[in-house]
Amino acid sequence: MSAKLAGVIAGASVAAVVVTLAISGGPSAASSARHVDRHAGIAVRPDLPEPKVAQFAAGRSPVVKPTAAPATDIKAFTTSSTALAAGGKYTCPGYSGIDAPNPVANLLKDTFTWSTFAPYKVGDGNGNVNWRLNPYNNPSWYMWLHSLRWLGQGITAAGTGDTVAMDRVTAIAKDWVTDNPYSWKADIGAWESTMHRTNVLICLRQAVLSGLGQTTLPPAYAWLDQALIDHASFLNANWSGAWNHGTDESIALFGVGCTLDRADYKQTAQDRLAAGITTSIDDQGATNEQSTGYAQFNYALWGRAATVLQDCGVDPGTTITDRRTKLAEWLALATNSLGKLHQIGDTELIATGQFAGTSTEYAGSLGTKGIAPQQRVGIYSAGYVFGRTGWGETRPFSQESTYSIRFGPSRALHGHSDHTGITYTARGRDILITGGHAGYQNDVWRTWAKGQFSASTMTTPLSAEKYPATKLTRSAVSANSDFYEFKDVPGAGINRTRAVLVLKDPDMIIALDRATSTTAQQFQTLWHLPSDQKATVYSRTTALAMKPGDSTRTILFQVPYKQALPPGAILIKQGQTSPIQGWHYPKITTRNSAPTLMFARSGYAASILSFIVPARATQGVTYKVRTSGTTTIIDLALGSVRTSVGISAGGSLYRIS
C-alpha cells in the first residue's frame, strides 16, 4: 500500500487505525543496485487532520499553563490487566504529509521539498546536510527541514529491507544529531521541531529493526537510542503546556518512554496529558485554541493520545473520552449548512470530519447519516455562539441558515481579533465570511487576516487594538429568532455594544452596533462577502451582492437609528492593498479578491443598524419604521413574507411577528 493511499484512509477516519506500508514494484532508477529483502515493513498510523502545508510562526511558541484541575484517571494498568499483558508498543505516528513530495530518489540526492517552494539540494549527495540553510527565508521551510519528517518515504522503504534507502535516511538523521548536539535550544527551528523529529527517530529505529530483521538495535545504531534520550531530555525540560504543541510533545515523550522502556519518561508524559486535557478541552467541550480547524485537529490528537497510552500499558481513563465527546458536539454545532466548519481563527476552509459514533457524522454528511445533535444553538463561555434554523427537519439540510458569533477571552494561540464577528450561510451558500487564514509568515497579510479588519464587526481604525475580552451580556433563544448582546472596550476610551437578532422564515440577520468614544473616531461596521459575488452600491442605504447567474443575492442595508446617515455612509472595498481590505484566504496558499461592505460614521458616537438579507435573485425588501412608546418597530417585507422586529429603549432586538 502506498503512502498516498494511506493518506486517503487517514482522511476517512482518525480512529486508532494502523496501516502497514510496503514498497511494491522494482527498485527505482536512482538505485537499481539496492538490496530489498521484502520485509513486511513498519506499522504507521494514518495522518491526523493537521492544517495542510502546516506552518509555524517565527519565534518560540507560547507556553500555556493549565487552568483547570488535572484529570485523575490516567494511570498505569494493574499487572493483571489484559491490556498490559498485550505488551508495550508505540506505533510510528507518520509524517503528516511532509514526506509526500520527497520520494526516495530525491532523498538519495539530499533534496528537500516543502509546500509550493521548489525542491532544494540541502546536502552534498552523501547525506551530509547543511542544517543552517534557509534559501527561501521562510521559518516554516526551515522548521520542517529540521523535523526530518521529509525522510518518511525513505524510512518506509528501509523498513521493507531497502538497504540503500536505510543507509541514506540513517546518514541524514545521524548527520542532524552530529551537527545539532544537545541542547539545540538556541536554534528556534530545531527547537520547535523537536516533538516531530522525536517521532521520526522512533519510526527510523523501528525501520532499522524491521529492515534488518532484528529484535534488538545493532551496536552500529547505538547513536539512535542516545539521540532519543537527548530528545526526551529536551522534551522534559521544555513543555508548551495545555494546547496542541504540549499534547504533541507529551505523546512524543511517552513514545520514547515506551520504546526505551523508561518509566520516568512515561510518567512525566502521562502527568502532563492529565494536566493538559481539562484545559485544552473545557467542560463544555470548547477548545482553548480559538480556531475551529485546530479544534478538529485536537479532537483527533487527543484520540491519538488515548490510544498511545493504552498501547503501552497506561489506562487513559474516561476524562479524555468525555472531553472528546463534548468537543465532537461542539464541532457539529460549528458546522455550517455546507458541511464545513465556520472559518474561525487560523482555519482554512475545511469540511467537518465525520467521526464515527458522534453527531459530526450527521453534520459533516449534510444530514445523510448519523444522528443530529439535540441542540440547535450552542453558547460556549470560551467565546462561541453557533446557531442554525434547523438540522434539515423541515427543509433540506443545505437550505438551513447557520451562523457563528465570537466573544470571550482576549485573542490567544490560533485566535484572531474577531470578537462580535459574524459568519452566516443561507440558501445553500456563504453569505458572510471572514478574511480567512493567511498562514504564519510575519507580513502585512498575516497582520490583516488575524486583525479586526478581516472580521464582520464594528471597527475603530483610528485607535490601537486592545484585543479585548468581550462579554455576552444578554441572550434569548426562541423557535424563530435568536437574540444576543455583546459588550467590550476595543480601544482606549471606547465602549462598543453589538446586538444581534437572527430570524427564521424569513431568514436574515439584524445587527445594531453602538459605540461611544472619549476622542473623535471613525466607526466602520464591516460585512465581508464571498469572493464569488459582485457587490454594488444600490442607494445611500443599500448594497447588493450576487454571483453572476446565481439564484440568490444578498441585500445589505442600513436603517437610520438615532443618527442620520452622513455622506459616505456606505462604501465597498475590494482588492485594496493600502490599507489592505477586501480579500479572502480560503487556504493559506490562496488569496482571492472579495467585496467588503462598509457602513461608516465618525465623531464621538455611532449607531449603525444593519440588515443582512439572503433572498431570491428576483426578490426585494421593503421596510417601514414606526414607534410605539419607547420602542422602535421595523416592519419588513421580503417578497410576500412579512415580519416585524422591535428595538427597545435599552437596545434589545426582538421579533414581534
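Cys258 is buried, with a relative accessible area of 11%; buried means under 20% relative accessible area, exposed over 50% and partly exposed in between, with a 1.4 Å probe and protein chains only. Cys312 also counts as buried, at 5% relative accessibility. The model is predicted, so local features need pLDDT of at least 70 and side-chain atom pairs count only at pLDDT 80 or more, while totals for chains, interfaces and linings use all residues. Residues are numbered from 1 along each chain as its sequence is written, and side-chain values use heavy atoms, with hydrogens and water left out.

**Disulfides**

A disulfide, defined as a pair of cysteine sulfur atoms within 2.5 Å, joins Cys258 to Cys312. This pair links distant parts of the chain, 54 residues apart. Cys258 belongs to helix H10 (residues 244–260), and Cys312 to the loop between helix H12 (292–311) and strand E6 (314–315). Helices (H or I, at least four residues) and strands (E, at least two) are DSSP runs, numbered from the N terminus.

The structure holds 2 disulfides. The other link is formed by Cys92 and Cys203, and it too connects distant parts of the chain, 111 residues apart. Cys92 sits in the loop between helix H2 (82–85) and helix H3 (104–107), whereas Cys203 lies in helix H8 (residues 194–212). Both Cys92 and Cys203 are buried. The torsion about the S-S bond of Cys92 and Cys203 is about 95°, so this disulfide is right-handed. The link of Cys258 and Cys312 is right-handed as well, with 105° about the S-S bond. With bonded cysteines counted along the chain, the pattern is 1-2, 3-4.

| Disulfide | S to S distance | Torsion about S-S |
|---|---|---|
| Cys92 and Cys203 | 2.0 Å | about 95° |
| Cys258 and Cys312 | 2.1 Å | 105° |

Two strands pair if DSSP finds at least two bridges between them.

In strand E9 (residues 402–406), 5 of the 5 residues are buried, so E9 is largely enclosed by the rest of the structure. In a regular strand the side chains alternate between the two faces of the sheet. Thr402, Ser404 and Arg406 point one way from E9, while Tyr403 and Ile405 point the other way.

E9 runs antiparallel to strand E8 (residues 384–388), and 5 bridges join the two. Ser404 in E9 stands opposite Phe386. E9 also pairs with strand E10 (residues 422–426) in the antiparallel sense, over 4 bridges. There, Thr423 is the bridge partner of Ser404, and Tyr424 that of Tyr403.

**The annotated domain**

UniProt, in an unreviewed entry, places the feature "domain: Heparinase II/III-like C-terminal" at residues 407–565. UniProt positions are given in the numbering used here, feature names are shortened, and annotations may be inferred rather than shown by experiment. Over residues 407–565 the chain is 4% helix and 47% strand. The end C-alpha atoms of this stretch are 28 Å apart.
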